[in-house]
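Take a moment with the model below.

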Amino acid sequence: ADADGIYHPGLVNDRLILGLKGIMSEAELHVLRARLDGGIRSKAARGHLRRGLPAGLVWGEADGQIGFHPDEAVTGVIGAVSGQFAVCGSVRGVWLWLRDQGLRWPLQGACRRGQDAGITWVTPTYHAVHTTLTNPAYAGAYAYGRTRSERYLDSRGVLRSRRREMPRDQWEVLITGHHEGWVTWQTYLANQQRIAGNTRPQAHQPGTGAVREGSAQLQGLASCGICGRRLAVFYDGPAKSTPGYFCTG
């Protein structure tokens, strides 16, 4: 039953009317959903869509305005991460430096009703440091659509969904210079190349990997002439000062 009358599903004419109304309602829902999604994307394209910000950044009063967190302890830790990465050149090195200095790490709570939640201080983790160094928001850029949801069949034939990170050139929105950051966009790009170069390369692939401790000058450079793997380093001698190389394969 609706405002127009009562329908009997057992009658042919009533079934036709119900079918037509159902199709029209489905089309109306599709149009509404498309309009809402289009409004979100349009707002994101202008850099005005308010979403959760990482620790150290807060939304301002104006549309799309982003500023530093008022707590200098929060902004100081984020700035120290950027500065220390320029010195040591690796995410792990920054993480170990934070732990050696006894510094705590700020976690931004979830936003509710447009208000930023408080800061929770925890022990720094490698993942937190890596996320900070790879987040474009800390370089003054507004990004939207960095990840996409996709559906796939697992090995047992069950339909599942997952989030996949997209390459930078496939982000839906990227506005550089959107707000003030800790580093410039050029420095951010250089840092991403440095982080990618620190990853241990596969066989027969270029790359040196992160610089490790020790006196071996060819660490991360020498490769096996048979399989192409990067040679591992060992130290021998009374003081463990004589370097050597061997293939793990």
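How many helices and strands are there in the protein chain? There are five helices and 10 strands. Both are DSSP runs, numbered from the N terminus: helices are H or I with at least four residues, strands are E with at least two. This is a predicted model, so local features need pLDDT of at least 70 and side-chain atom pairs count only at pLDDT 80 or more, while totals for chains, interfaces and linings use all residues. Residues are numbered from 1 along each chain as its sequence is written, and side-chain values use heavy atoms, with hydrogens and water left out.

Of the 249 residues in the protein chain, 29% count as buried. Buried means under 20% relative accessible area, exposed over 50%, and partly exposed in between, with a 1.4 Å probe and protein chains only. Contact means heavy atoms within 4.5 Å. Among contacts in the protein chain with a separation of 6 or more, 46% come from residues 24 or more positions apart.

Now the helix pairs. Two packed helices are described by the angle between their axes and the distance between the axes. Axes here are lines fitted to C-alpha atoms, for helices over the stretch in contact, and angles run from 0 to 180 degrees between N-to-C directions.

Helix α2 (residues 72–88) packs on helix α3 (residues 91–100) at about 125 degrees, with the axes 9 Å apart. That angle makes α2 oblique to α3. Angles under 35 degrees count as roughly parallel, over 145 as roughly antiparallel, 65 to 115 as roughly perpendicular, and the rest as oblique. From α2, Ala 80, Val 81, Gln 84, Phe 85 and Cys 88 meet Val 91, Gly 93, Val 94, Trp 97 and Leu 98 of α3.

Which residues of α3 are buried? Val 91, Val 94 and Leu 98 are. They sit on the same side of α3, because they cover an arc of only 65 degrees around the axis. The arc is that of the directions from the helix axis to the C-beta atoms. The cover over the buried residues of α3 includes α2, β3 (105–108), α4 (126–134) and α5.

α2 also packs on α4, at about 80 degrees and with axes 10 Å apart. α2 is therefore roughly perpendicular to α4. Ile 78, Val 81 and Phe 85 of α2 make this contact with Val 129, Thr 132 and Leu 133 of α4.

Finally, Gly 197 lies in helix α5 (residues 185–198). Gly 197 counts as partly exposed because its relative accessibility is 28%. Gly 197 and Ser 90 are 107 residues apart in sequence, and 9.7 Å apart in space, C-alpha to C-alpha.
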